[in-house]
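I opened this notebook to keep track of what I looked up.

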Amino acid sequence: MTITKDMTIGELIRTDENVIPILLGAGMHCLGCPASQAESLEEAAMVHGIDVDELVGQINDFLS
């Protein structure tokens, strides 16, 4: 499965929980927050000042 910036944090974590350290390392420390579960990767990246395309690339590289 290819990860996209439109996926929600909840979808991403349900796809593979092993991506959690990548998200935490990028500065997304509120993964357990109920609101974050419905937030898209793009929205979360914007709030945290992260380049979403770089993050998606890292996740897809990790999952491949």
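**Entry 1: N60**

In which helix does N60 lie? I found N60 in helix α5. I noted first that the model is a predicted one.

**Entry 2: helices α4 and α5**

I turned to how α5 is placed against another helix. Two packed helices are described by the angle between their axes and the distance between the axes. I looked up both values for α4, residues 41–48, and α5, residues 52–63. The angle is about 125 degrees, and the axes are 9 Å apart. That angle makes α4 oblique to α5. The crossing of the two helices is right-handed.

Which residues make the contact? On the α4 side I wrote down L41, E42 and A45. On the α5 side I wrote down V52, L55, V56 and I59. Sorted by kind, the residues of this contact are 6 nonpolar, no polar and 1 charged.

**Entry 3: salt bridges**

Side chains of opposite charge can pair when their charged atoms come close. How many salt bridges does the structure hold? I found 2.

One joins the side chains of E42 and K5, at 3.9 Å from N to O. E42 belongs to helix α4 and K5 to the segment before α1, so this pair ties together parts that are 37 residues apart in sequence.

I looked up K5 again for its bridge with D53, where the closest N and O atoms are 3.9 Å apart. K5 lies in the segment before α1 and D53 in helix α5, so this pair ties together parts 48 residues apart in sequence. I recorded K5, E42 and D53 as linked in a network of salt bridges.

I then checked how accessible each of these residues is. E42 has 35% relative accessibility and counts as partly exposed. K5 has 30% and also counts as partly exposed. D53 has a relative accessible area of 52%, and because exposed means over 50%, D53 is exposed.

**Entry 4: A44**

I went back to helix α4 for A44, which lies in it. Is A44 buried or exposed? With a relative accessible area of 2%, A44 is buried. Setting aside neighbours within four places in sequence, I found A44 in contact with I9, M28 and E39. I also looked up the separation of A44 and S64. They are 20 residues apart in sequence and 23 Å apart in space, C-alpha to C-alpha.

**Entry 5: V19**

Where is V19 found? I placed V19 in the loop between α1 and α2. Its relative accessible area is 0%, so V19 is buried. Beyond neighbours within four places in sequence, V19 is in contact with L12, I59, F62 and L63. For V19 and F62 I noted the separation as well: 43 residues in sequence and 7.9 Å in space, C-alpha to C-alpha. I59 was already in my notes as part of the contact between α4 and α5.

Conventions
Residues numbered from 1 in each chain as written. Predicted model: local features only at pLDDT ≥ 70, side-chain atom pairs only at ≥ 80, totals over all residues. Heavy atoms only, no water. Helix = DSSP H or I, 4+ residues; strand = E, 2+ residues; numbered from the N terminus. Buried < 20%, exposed > 50% of the residue type's maximum accessible area, 1.4 Å probe, protein only. Contact = heavy atoms within 4.5 Å. Axes fitted to C-alpha atoms, helices over the stretch in contact; angles between N-to-C directions. Parallel < 35°, antiparallel > 145°, perpendicular 65-115°, else oblique. Left-handed = near helix turned anticlockwise from the far one by under 90°. Nonpolar A, V, L, I, M, F, W, Y, C, P; charged D, E, K, R; others polar. Salt bridge = Lys/Arg side-chain N within 4 Å of Asp/Glu carboxyl O.
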